[in-house]
Amino acid sequence: MNTKSTAQRSFIILTLLLAAACSATPVPPTETPVVITTTPIPRTPVPTFDRVETAMPTPLPTEPLIVRDAMTGEGDTLYIRPKPSAMAAISDTVAVSTSFNFVGRTADKRWVQATYGDSQTGWLLTRAVMLPSAIDNLPITGTAENVDFVALVASDAADGISLYASPHGTAEVVTRLPALTPLRLDGRREDGIWIHGLTADSKEGWLPRSLVDVNFDPDLLTVLNVEGLDNGQEVVQARVLDSAGGLRLRQLPNTDAPRMGNLDAGKELTLEGRTADNAWVLVKMPEGYEGWTSTAYLEIYVDLSSVDVISDPQPVQFVELPTPEGGPQVVASAGGGGARTIYANGQAAGNQRNVFSKVGDSLTDTPNFLRAIVNGYNLRDYGYLLPTIQFFIGGSALNGNPFNSASISARASWGSVSALDPGSADPGRCNSGETPVACEMRVVKPAIALVMIGTNDAPAYSADAYGERLRQIIEICIQYNVVPVLSTLPPRAQFNDNIIAYNQVITSMANSYGVPLTDLYSALINLPDHGYGDDGIHLSVPPGGVPATVDFTQANLQYGSTMRNLTTLQILDSVLKNVLY
């Protein structure tokens with residue numbers, strides 16, 4: 001067999017082997033050549049089947065996902081509502097560890113009804129609790145009232161918050177909202193600081209975004225156009241809570257720092273800085289003074305993260321403010337060398353430099369005279385008086401500081417006779433035979449004494465008789481090295497001729513002894529009804545009551561009590577600068 005035959009034979013064998021591998025029927029060997037074509041071999045289609053899924057119950061996870069947010073409860077608490085509605089008031093707050101017996105649900109499965117405690121019943125959001133079995137096993141026992149964009153007044157707003165007629169802290173208050181009150185929010189100011197909402201009883205208004213808890217992005221709210229409001233200018237950024245009158249303003253952000261003054265309820269403030277933990281803010285008062293105060297007692301209308309952190313605060317100092325033009329200035333005299341000598345002798349004898357006493361009658365022994373200062377005040381245009389208030393408010397008098405302390409030498413219905421009568425003295429504090437005036441000076445050891453007494457003398461005594469007793473009061477003060485600070489008497493509806501004669505005596509004695517004098521009569525005579533009330537004797541009080549007597553608006557200064565408080569602070573300021581240095 002030649003080489004070619006051998007090659008042909010090998011090719012035939014290989015072809016037969018390949019054919020056998022591809023065919024189900026064995027092909028016997030042959031030496032006949034096999035022709036390979038390109039026609040595709042038909043394939044049997046793969047059969048398809050309908051898949052039937054077996055319905056299997058979904059097991060409850062071992063640790064179900066529980067979502068707690070501003071609407072369900074915070075921390076370790078859950079909110080209970082009387083009905084399955086986002087706008088329902090929170091009727092109870094319970095611990096997350098409370099044992100519930102779930103008795104029903106809403107059709108949409110967003111709310112579950114439960115009993116707990118002593119047969120109490122309420123509704124909870126389903127996402128906040130772990131059910132013992134599938135929710136479908138519970139009967140439908142209520143209809144859900146789901147409202148979008150609902151927020152709750154912050155849970156830590158212990159005193160509630162104000163809902164305002166427009167988006168700024170000086171607007172009219174529509175109503176007060178307790179903590180956890182639900183609100184449906186329907187808009188916001190462009191800068192996002194203020195939001196607009198409606199209560200369940202359809203009251204609507206504005207409130208600071210920072211005072212509500214939400215579980216959605218407030219930027220989703222529609223921007224409302226507020227006519228006449230410049231969104232870029234926020235003057236009032238915070239205010240003192242209504243329940244926090246008397247809030248202390250301090251030089252540094254800690255409770256041991258020196259006190260610079262007291263802030264009254266509702267005081268409007270701007271924020272100049274904060275501590276890193278947001279516990280303290282550096283505030284600026286409308287009068288221009290600055291100081292630190294605790295954020296716990298403020299309504300804050302801005303995002304605190306936008307306020308600069310002051311990491312190394314330095315003691316805040318008082319600034320020099322001018323006296324207002326056109327305001328009452330009735331300090332007739334700050335006192336001459338006589339007052340300065342009396343004061344120097346008193347300091348050598350141990351008298352208290354930042355304490356004053358009071359000698360007077362019912363015009364002095366009243367909540368309307370100076371006492372309200374300890375609960376806060378609003379100096380308005382008279383902010384320059386703040387350092388004087390701060391100086392004296394730190395003093396220790398009989399049972400408080402000089403502003404709110406009771407006085408042994410001031411009592412309602414007294415005249416000058418009573419102030420000098422040992423029988424009128426406090427037997428618990430005074431020595432036998434000691435006059436009330438002498439007792440007050442000895443016990444309290446003040447630097448100065450505010451003396452205004454004589455209104456009740458006018459119906460009965462001549463100016464000469466009154467003058468002799470006033471001289472005794474002055475000389476008792478000097479005996480104890482206390483500077484007497486005199487005041488003319490206010491007008492009186494009847495016996496005003498005697499009042500005028502008394503005031504001439506008072507002025508003459510102030511000049512004679514070289515002691516300070518304030519002319520209250522001149523400050524009151526041009527006020528409505530000359531500054532006195534319906535009885536023609538006692539000083540009139542503004543509609544706002546006692547707090548308004550230390551809120552020096554032009555309207556409040558039309559009333560005698562407010563004007564007297566202002567002029568008294570003015571004489572104290574003058575004495576502080578000209579005598580007590």
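Two strands are taken to pair if DSSP finds at least two bridges between them. Helices (H or I, at least four residues) and strands (E, at least two) are DSSP runs, numbered from the N terminus. The structure is a predicted model, in which local features need pLDDT of at least 70 and side-chain atom pairs count only at pLDDT 80 or more, while totals for chains, interfaces and linings use all residues. Residues are numbered from 1 along each chain as its sequence is written, and side-chain values use heavy atoms, with hydrogens and water left out.

S21 and strand S25 (residues 517–518) are joined in the antiparallel sense over two bridges, with Ser333 standing opposite Leu517 in S25. These strands belong to an open sheet of five strands with mixed pairing, ordered S21-S25-S24-S23-S22. Its edges are strand S21 (331–333) and strand S22 (352–360), each of which pairs on one side only.

Helix H2 (residues 337–348) lies across S22, strand S23 (446–452) and strand S24 (483–487), and runs at about 140 degrees to S24. Helix H5 (residues 436–444) lies across S22 and S23, at about 165 degrees to S22. For these angles, axes are lines fitted to C-alpha atoms, for helices over the stretch in contact, and the values run from 0 to 180 degrees between N-to-C directions.

On one hand, S4 pairs with strand S3 (residues 100–106) in the antiparallel sense over five bridges, and Phe102 has Ala114 in S4 as its bridge partner. The hairpin of S3 and S4 has four residues between the strands, and Lys109 there takes a positive phi near 65 degrees. On the other hand, S4 and strand S5 (residues 120–125) pair in the antiparallel sense over six bridges, with Tyr116 opposite Gln120 in S5. Three residues separate the strands of this second hairpin, where Gly117 adopts a positive phi near 55 degrees.

Buried residues make up 50% of the 581 residues. Of the contacts with a separation of 6 or more, 66% are between residues 24 or more positions apart.

Notes: Contact = heavy atoms within 4.5 Å. Buried < 20%, exposed > 50% of the residue type's maximum accessible area, 1.4 Å probe, protein only.
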